[in-house]
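Subject: Handover of a structure

Dear colleague,

Please find below the structure that I am handing over to you. My notes on what was found in it follow directly after.

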Amino acid sequence: ERVVALKRPTSHEAWSRLRLELDNRQKPGTMRVDGAALDIRLNMQQLVHHADPKVRLEAHKRKKESYEPDIAVYAHAYNQVVGDFETESRDLREYADGQEREATEAGVPPGAVDAMLGVLEQNEELFRRFYRLKAKWIGLKKQTSADIYAPLGGSMPARSYAEAWEDVDAALGTFDAEYAAMTRRFRDEPWIDVPVKATKYKGAYCWGAPDHPY
């Protein structure tokens with residue numbers, strides 16, 4: 001374990017950090033949507049859920065193109081992380097492979113992952129049927145990977161932050177009143193960094209600490 005701890009900053013963590021640095025320098029640019037110029041990177045979630053398939057496809061295409069200049073570096077970093085993990089798992093910790101290690105550390109019984117994968121493979125046609133029906137429902141003659149998140153029934157209406165909180169509060173209240181009250185503290189303390197920023201374009205994260213779990 002000391003060997004793993006000593007080498008990790010210059011192996012697994014180093015390659016993961018490089019990937020993040022590459023992500024941060026991506027510049028897919030802007031595109032006009034509904035009369036407004038939107039930064040693709042900051043508004044990717046909005047764009048891939050847009051009702052217009054042309055908007056979804058353009059955003060998807062521009063995002064993929066932003067990876068192209070560094071694609072070989074991404075591939076190399078990925079292969080190094082995977083190789084390092086497999087070496088740790090097989091040669092240092094004596095697992096059969098990385099999958100067995102992940103399952104064991106997660107408390108999953110041996111063979112459970114293979115069983116779940118088998119069920120998924122057996123029901124793959126159900127998954128494909130859902131997307132064929134979805135395409136028919138929203139009028140798509142040909143589906144692309146940009147249509148995975150296509151909305152059913154048109155785009156969601158715009159919601160303010162305050163209105164979104166009303167939705168969250170109502171939903172959580174039907175689950176458990178105490179839980180809903182606890183989440184309101186996130187809003188009231190405040191513990192949430194609300195504005196959209198370039199450094200937050202990938203989404204939201206929650207970091208725990210010993211003296212403050214939120």
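Apart from neighbours within four places in sequence, Val-33 is in contact with Leu-38, Leu-47, His-50 and Val-55, where contact means heavy atoms within 4.5 Å. Please note that this is a predicted model, in which local features need pLDDT of at least 70 and side-chain atom pairs count only at pLDDT 80 or more, while totals for chains, interfaces and linings use all residues. Residues are numbered from 1 along each chain as its sequence is written, and side-chain values use heavy atoms, with hydrogens and water left out.

Val-33 also belongs to the largest nonpolar core, which has 9 residues in all: Met-31, Val-33, Leu-38, Ile-40, Met-44, Leu-47, Val-48, Val-55 and Ala-59. A nonpolar core is a set of buried Ala, Val, Leu, Ile, Met, Phe, Trp, Tyr and Cys residues joined through side-chain atoms within 4.5 Å. Strand S1 (30-33), helix H3 (44-48) and helix H4 (53-67) are the elements that give two or more residues to this core, and H3 gives the most, with 3 residues. Helices (H or I, at least four residues) and strands (E, at least two) are DSSP runs, numbered from the N terminus.

His-50 is placed in the loop between H3 and H4. His-50 counts as buried because its relative accessibility is 11%; buried means under 20% relative accessible area, exposed over 50%, and partly exposed in between (1.4 Å probe, protein chains only). Neighbours within four places in sequence aside, the contacts of His-50 are Val-33, Asp-34, Val-55, Arg-56, Pro-151 and Ser-155. His-50 and Gly-154 are 104 residues apart in sequence, yet their C-alpha atoms are 8.0 Å apart in space.

**Two residues with positive phi**

Asp-34, one of the contacts of His-50, is found in the loop between S1 and strand S2 (36-39). Asp-34 has a positive phi of about 55° although it is not a glycine, and it is exposed, with a relative accessible area of 67%. Glu-94, in the loop between H5 and H6, likewise is not a glycine and has a positive phi, of about 65°. Glu-94 counts as exposed at 70% relative accessibility.

**Helix packing around H5**

Helix H2 (residues 12-24) and helix H5 (residues 71-92) have axes that come within 9 Å and cross at roughly 155°. Therefore H2 is roughly antiparallel to H5. Axes are lines fitted to C-alpha atoms, for helices over the stretch in contact, and angles run from 0 to 180 degrees between N-to-C directions. Angles under 35 degrees count as roughly parallel, over 145 as roughly antiparallel, 65 to 115 as roughly perpendicular and the rest as oblique. Among the residues that meet are Trp-15, Leu-18 and Leu-22 in H2 and Val-73, Ala-77 and Val-81 in H5.

H5 also meets helix H6 (residues 98-105): their axes come within 8 Å and cross at roughly 75°. H5 is therefore roughly perpendicular to H6. Phe-85, Glu-86, Glu-88 and Ser-89 of H5 make this contact with Gly-98, Arg-101 and Glu-102 of H6.

**Tyr-131**

Tyr-131 lies in helix H8 (residues 124-137) and is buried, with a relative accessible area of 18%. Residues up to four places away in sequence not counted, Tyr-131 touches Gln-143 and Ile-148. The C-alpha atoms of Tyr-131 and Ile-148 are separated by 8.0 Å, and the two residues are 17 apart along the chain.

Yours sincerely
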